[in-house]
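The sequence and structure come first.

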Amino acid sequence: MCTNKAVQEWVKEMAKLTKPDNIVWIDGSEEEKKRLEEEAVSTGELTELNQKELPGCLLHRTAVNDVARVEHRTFICTKDKEDAGPTNNWMDPKEAYGKLGKLFDGSMKGRTMYVIPYLMGPVGSPFSKVGIELTDSIYVVLNMRIMTRMGKVAMDTLGNSDDFVKGLHSKAQLDEENRYICHFPEDNTIWSVNSGYGGNVLLGKKCFALRIASYMGKQEGWMAEHMLILGVEDPNGNVSYIAGAFPSACGKTNLAMLIPPAYAKGYKVWTVGDDIAWMRIGEDGRLWAVNPEAGFFGVAPGTSMKSNPNAMLTTRKNTIFTNVVQTPDNTVWWEGIGVDPPQEGIDWKGNPWTPESGEKGAHPNSRFTAPANQCPSISPEWENPEGVPISAILFGGRRARVAPLVYQSFDWEHGVFVGATMGSETTAAATGKVGVVRRDPMAMLPFCGYNMGDYFGHWLEMGKKLTHPPLIFNVNWFRTDDNGNFLWPGFGENFRVLKWILARCNGEVDALESPIGYLPKVEDIELEGIEDKVSIDRLSQLLELDEDAWKDEIKSQEEFFEKFDRLPKEIKGQLENLKDRFGF
């Protein structure tokens, strides 16, 4: 039983508000997992899948109105509106506590409140932080069990301290008109009500590990970033680590679990994390990173043995699938899985489905929650309490014409500018208008827990303290020709670009100076084995700069920066330098 006074008092206070029939303290044991799974299956909250084909796997269907993160319902609640900044929704903390307090009042009547102590970060790491989430959803408990280090280990880490993130969640009525995810960075608190889906309710993930942690990092001198972490091992056994920030739909998980192409004999890619990196300056003046999560919460559609075999193999057991198709043999299917659909099945809404129906069987944002330690490419260092040293940081997005395949920033400050201006172009599927740039600085636009201008400032400050900063690069796997065809094959072939990046980090190759940064020489990107897909001419095309496109790009960057009230002067200076280098 919990002996921490601060935790006891807070749980008592929240129980008085939400009025559950029972309170269950989660210890993280196997017996508890079995008991909760049996209960959730008996009530229909979860469905047990074919245990021969998918041992330990379960299926969940969310409410039809509750299928994704809701950015317009996500708030940063700081006393001063300016501290939330121009890119966040803001609500006064008093107003937020009042409004949500009414929604939470009695919301757990007839239900059980589960008290989930959890650890973000490896056990025994100076990076790690404790959170406690109160929830009325077994689905949340079982997902948090996969995504975090949950139960006794977290309480042991916390001891008698009152330094924990307080998370209150209730499905309440699943009323989308009253759905709120509110963050109180100044109080170390998250309140989430009327959702039962993913990032809205697994409060350790985007809410704590990015929004609250980014604010903590600013206060404490470290960084919480929306980044994958991977290691590249060369044939001599040397491993170099790369962190990378990409907006959604840019292949982040695929890159984190990449398998090198056949030509790269003796090389291996290790997965440290696929979504979040907490980074600190080590005693050696380098940036050291840990993955604070213990699992993967991946998008299912498009994940296949071709696009990401390691992810597919990770999900073969002990995985929770959300909003995918249930097949007649009680396994799962989704669009883009790479095998033919079943003749019939049950779709993500729980209705009979056939491929001829013309409707998608799995929701486009359907998910798998899988333990990271099951991933075939999981790094031997992924739970190292000290983290791993980062040699390079990648930024990237989907750009049809502007960004070349890869370029390196001139220095840290210029690299921060490259990250601050990153974005993706909309495709036909996303909106009616194609090619509109959606800026997403460092892929943190929806996840920065404070003023983004101050966030850029924090990056600049960190750079001043690093004696051996990582080199910063921009990559773009999505360049197209005049007919809209991709010029680069992507997926495993992206390894070729990683190899050039590490060669730059090790001082092994020269580069060509351009107005936007250092570009590779054509002969330094290896094309062995893909000459039929990528000729030297095509590679040249992938690396060339279109001045007209860059003129439009700079205008667009200027317009974007106009919205920031606290834009560091260095960022403005970098924009002027870019114009000068182009002669605009």
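Rings of Phe, Tyr and Trp (its six-membered ring) count as a pair if their centres lie within 6.5 Å; planes under 30 degrees apart are stacked, over 60 edge-to-face, and the rest tilted. One aromatic cluster is formed by Phe417, Tyr450, Tyr455, Phe456, Phe560, Phe561 and Phe564. The model is predicted, with local features requiring pLDDT of at least 70 and side-chain atom pairs pLDDT 80 or more, while totals for chains, interfaces and linings use all residues. Residues are numbered from 1 along each chain as its sequence is written, and side-chain values use heavy atoms, with hydrogens and water left out.

**Aromatic pairs**

- The pairing rule gives a count of 27 aromatic pairs.
- Tyr97 and Phe184 are a stacked pair because their ring centres are 4.0 Å apart and their planes stand at 5°.
- This pair links distant parts of the chain, 87 residues apart: Tyr97 is in helix α4 (residues 93-104) and Phe184 in strand β10 (residues 180-184). Helices (H or I, at least four residues) and strands (E, at least two) are DSSP runs, numbered from the N terminus.
- Tyr97 is partly exposed, at a relative accessible area of 26%, whereas Phe184 is buried, at 0%. Buried stands for under 20% relative accessible area, exposed for over 50%, and partly exposed for values in between (1.4 Å probe, protein chains only).
- Tyr450 and Tyr455 make an edge-to-face pair, 6.3 Å centre to centre with 65° between the planes.
- Tyr450 and Tyr455 are both buried.

**Cavities and pockets**

- Rolling a probe the size of a water molecule over the atoms shows where empty space is left.
- On a 1 Å grid over the protein atoms alone, a cavity is a set of points where a 1.4 Å probe fits but cannot get out; a pocket is an open set with protein on both sides within 12 Å along at least five of seven lines; lining residues have an atom within 4 Å of a point.
- Grid points are joined across faces, edges and corners, and a volume is the space filled by probe spheres set on the points.
- There are 3 cavities of 30 Å³ or more by this rule, and the largest cavity has a volume of about 200 Å³.
- The largest cavity has 21 lining residues, with Tyr407, Thr421, Asn474, Trp550 and Glu553 nearest its centre.
- At least two lining residues of the largest cavity come from each of α11 (412-420), β29 (471-475) and α15 (547-561).
- The lining of the largest cavity comprises 10 nonpolar, 8 polar and 3 charged residues. Ala, Val, Leu, Ile, Met, Phe, Trp, Tyr, Cys and Pro count as nonpolar, Asp, Glu, Lys and Arg as charged, and the others, Gly among them, as polar.
- The second largest pocket holds about 470 Å³ of space.
- Of the 23 residues that line the second largest pocket, Arg145, Ile146, Thr148, Pro371 and Asn373 lie nearest its centre.
- α2 (30-43), α5 (138-147) and β8 (149-150) each give at least two residues to the lining of the second largest pocket, which has 10 nonpolar, 7 polar and 6 charged residues.

**Helix α5**

- Helix α5 is largely enclosed by the rest of the structure, because 9 of its 10 residues are buried.
- Among the buried residues of α5 are Ile138, Tyr139, Asn143 and Ile146.
- Ser137 caps the N-terminal end of α5, with a side-chain oxygen 3.2 Å from the backbone nitrogen of Tyr139.

- Gln326 is in strand β20 and is buried, with a relative accessible area of 12%.
- The side chains of Gln326 and Arg61 are joined by a polar contact of 2.7 Å. A polar contact is a pair of N or O atoms within 3.5 Å; within protein, one must be able to donate a hydrogen and the other to accept it, and residues adjacent in sequence count only if both atoms are side-chain atoms.
- Asn323 is in the loop between β19 (320-322) and β20 and counts as buried at 1% relative accessibility.
- Leaving aside neighbours within four places in sequence, the contacts (heavy atoms within 4.5 Å) of Asn323 include His60, Arg61, Trp348 and His363.

**Positive phi**

- Most residues other than glycine have a negative phi.
- Asn330, in the loop between β20 (325-326) and β21 (332-333), has a positive phi near 65°.
- Met442 has a positive phi of about 50° and lies in the loop between β28 (437-439) and α12 (452-465).
- Met442 counts as buried, at 0% relative accessibility.
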